[in-house]
Each structure stands twice: as structure tokens, then as C-alpha cells.
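Open the structure in your viewer and keep the selection tool ready. This tour goes stop by stop.

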Amino acid sequence: MGNLVTIDTGTTNTRVVLWRDGEKIAKVSRPVGVKITSITGSKEKLQQAIKSAIDELLSNENIDDYSAVKFIASGMITSNLGLVEIPHQEAPVSMADLSDNMQSVVVPEVCEQPIWFVPGIKNKLSEILVQNITNMDVMRGEEVEAIGALSHLDTNRSIVLVLPGSHTKFIKIDESGRIAGSITSMAGELISLLTKDSILSDSLNSEFSDDLDEDALILGAKLCEFNGLGRAAFAVRLLDLYTEYTRNQLANYLLGVVLQNDIQAIKSTHAFEVNKNDTFVVIGKPALRDSLKVLLENNDYFNGEIKTIDVPELASVGIMEIAKLRGII
């Protein structure tokens, strides 16, 4: 396989990883993503950040001959704010579809060698209207994470992959292992805003939960289900004033409030079919991953298996699977 560099650029961060014969050798990150293009109106700073990350990564490993390295990129780097805009593929999309529609482009401001770009995916709608806009969804980056996850799973059954983070993605995988569609929530951003920049900040000391408290988490979810997010979230302050709830319990309660909206979204979505017996696989940082698992397990609507897996460098793993199928590596 030789030397491979995977480039994963999101909204605010870029991660560049060197692989040799399938083994991770080194990683370099930059706190720069496509948001900087939106702010400045220019791709120059994004190009400089990615170039410097690649140069540092290869220099640290004493690699001078870039022609001996393959470069593959995914994520928001393929959007109109990224290096090269690659059109979304329309769901359902297989790994072969992603492989077939990769594009090789030289971006001289970043690297003299061609970079292979993996396309993103969008939901399929015959007509997009304001009335059905929540059935539409797009992804750039999560598709390679989904492929990385599928390489560790039995794909002969229907699966809902859950990728929690600043934006949580629910991705439906059909019985043929194709990405059938997705929905996105802003759960992570909402938790951050309520924790750090709201009237609740004083009660929470502007800090997230330290440890999982299932009782507080489930209470938050139940009160949100019956009272709505705004009222249930304000109850953080009431719990602080009138109960003995600790800061960690309050943080878990708020987590349950916000994540309940994700649970409701997946139950009511028409973006793709959700069967009560679908297997849910939750991947990500423990705080959100484990909390979502608890809430899914405690929701009577879902009867299928709820499991978590941990796949280090998930995006890069998916990129390599797609690249192997294309014959790039």
C-alpha cells in the first residue's frame, strides 16, 4: 500500500494522518476548517493550513518525495467553501458508488500531487418544498465514517448509525449495506450554548457533565418529552434553587433534555424508514455516545439492539476502504 495521507476537513478543524501499509504512523491537526472561507471570502487561509499540515506531517517522517505518497480527502473540503467542490451523490449510495465518483484534482496551492476527493451524500426527494424540508439532509464526511463503521459491523440487516457531536447525524443503512439517507440535529451546539451562554451557565458553572448519571439523564428526557425543550431546560435553574441536585446531575439532566429532541426526531422522521427492530449503533465521544445509548434503551418505541462501538480514526478507516475498492491503494 505504501504511504497514504488522509485529509479530513470539517467546519472548524482539519486532521491529516499518515498511513503506511494500513498502519497509522502520525497525525497533524489544524484548528482551521471551511468556516474560515465563509468569514474571509477566500480559500487562501484554508489552503495554507492544509498545506502546512501536510508539510509538517511528511517532514516529521523524513518524506521528501511527495510523488511516492497518495492523498485522499473527505468532509467539508469537498464543499463550495472547501478546496474543490464535488457534487453530492443521491441516496441510496453504496461504497462502490462513492468509489466510482471520487475525483482526482491537483490543487497547486496545497500540493503538487493529485488529491482524490470523496463525494458527500444527500437525501433523495422528488421535489423539495418548504413543507417537506425536514426530509432533506446532506453530509460531507459522515459518509466515510459510515463506511468505516460498516467495516466493523454485520451489514446484512437494517442499521441506524448514530454519530453524535456538534451536529449529530442519524444515518440509515439498508440491508444491502447502502447509505439510504440521514437526518441531522444541532444537539452538541445546543448543549454548548445552554451550558456556557445562557441563564443556566451559573447553575452549571459553564461546565459539561463529568460522569454519566442515568437517573438525571432520563428525568431530563422525560420532562422534555412532556414540557418541550424550552420549559424543561429552564428547570435546570429550578432544580438548582430548590433541590439538592449536584452540578454533575444538573449537567446530565440538561443533556437528557436536549438529546430527547434527537430521539423524537428519529422516531418521527420521514427522511427514511425507521423500523422498531432496527439495530442502533452509536459511535463517538463517551459523554454523548453513552447517554444516547441509555436514552434509546429506555425508550419503549425501539425494540432492536442498541450497541456502541469504538473505531479509532473512523473517517480514515472509511477512506481507505473506499480507496481500496477504487484501486488507489
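Which residue in β11 stands opposite I159? Select I159 and look across: the residue is I173. Keep in mind that this is a predicted model.

**Stop 1: the strand pair.** Select residues 159–163, strand β10, and then residues 168–173, strand β11. The two run antiparallel, and five bridges join them. Strands of a sheet pair through backbone hydrogen bonds, either parallel or antiparallel.

**Stop 2: the whole sheet.** Five strands form an open sheet in the order β12-β11-β10-β13-β14, and the pairing is mixed. Go to the edges: β12 (179–185) and β14 (306–308) stand there. Each has a single partner strand, so one side of each has no neighbour in the sheet. From one strand to the next, the twist averages 20°.

**Stop 3: a cis peptide bond.** Select A91 and P92. The peptide bond that joins A91 and P92 is cis, with omega at about 5°. P92 sits in the loop between β5 (89–90) and α3 (95–100).

**Stop 4: two positive phi values.** Most residues other than glycine have a negative phi, and most peptide bonds are trans. Select N62, in the loop between α2 (44–60) and β4 (69–75). N62 is not a glycine, yet its phi is positive, about 55°. Is N62 buried or exposed? N62 counts as exposed, because its relative accessibility is 66% and the cut-off for exposed is over 50%.

Finish at N205, in the loop between α6 (201–204) and α7 (214–227). Its phi is also positive, near 55°. N205 is partly exposed, with a relative accessible area of 49%.

Definitions and conventions
Residues numbered from 1 in each chain as written. Predicted model: local features only at pLDDT ≥ 70, side-chain atom pairs only at ≥ 80, totals over all residues. Heavy atoms only, no water. Helix = DSSP H or I, 4+ residues; strand = E, 2+ residues; numbered from the N terminus. Buried < 20%, exposed > 50% of the residue type's maximum accessible area, 1.4 Å probe, protein only. Pairing = 2+ DSSP bridges. Axes fitted to C-alpha atoms, helices over the stretch in contact; angles between N-to-C directions.
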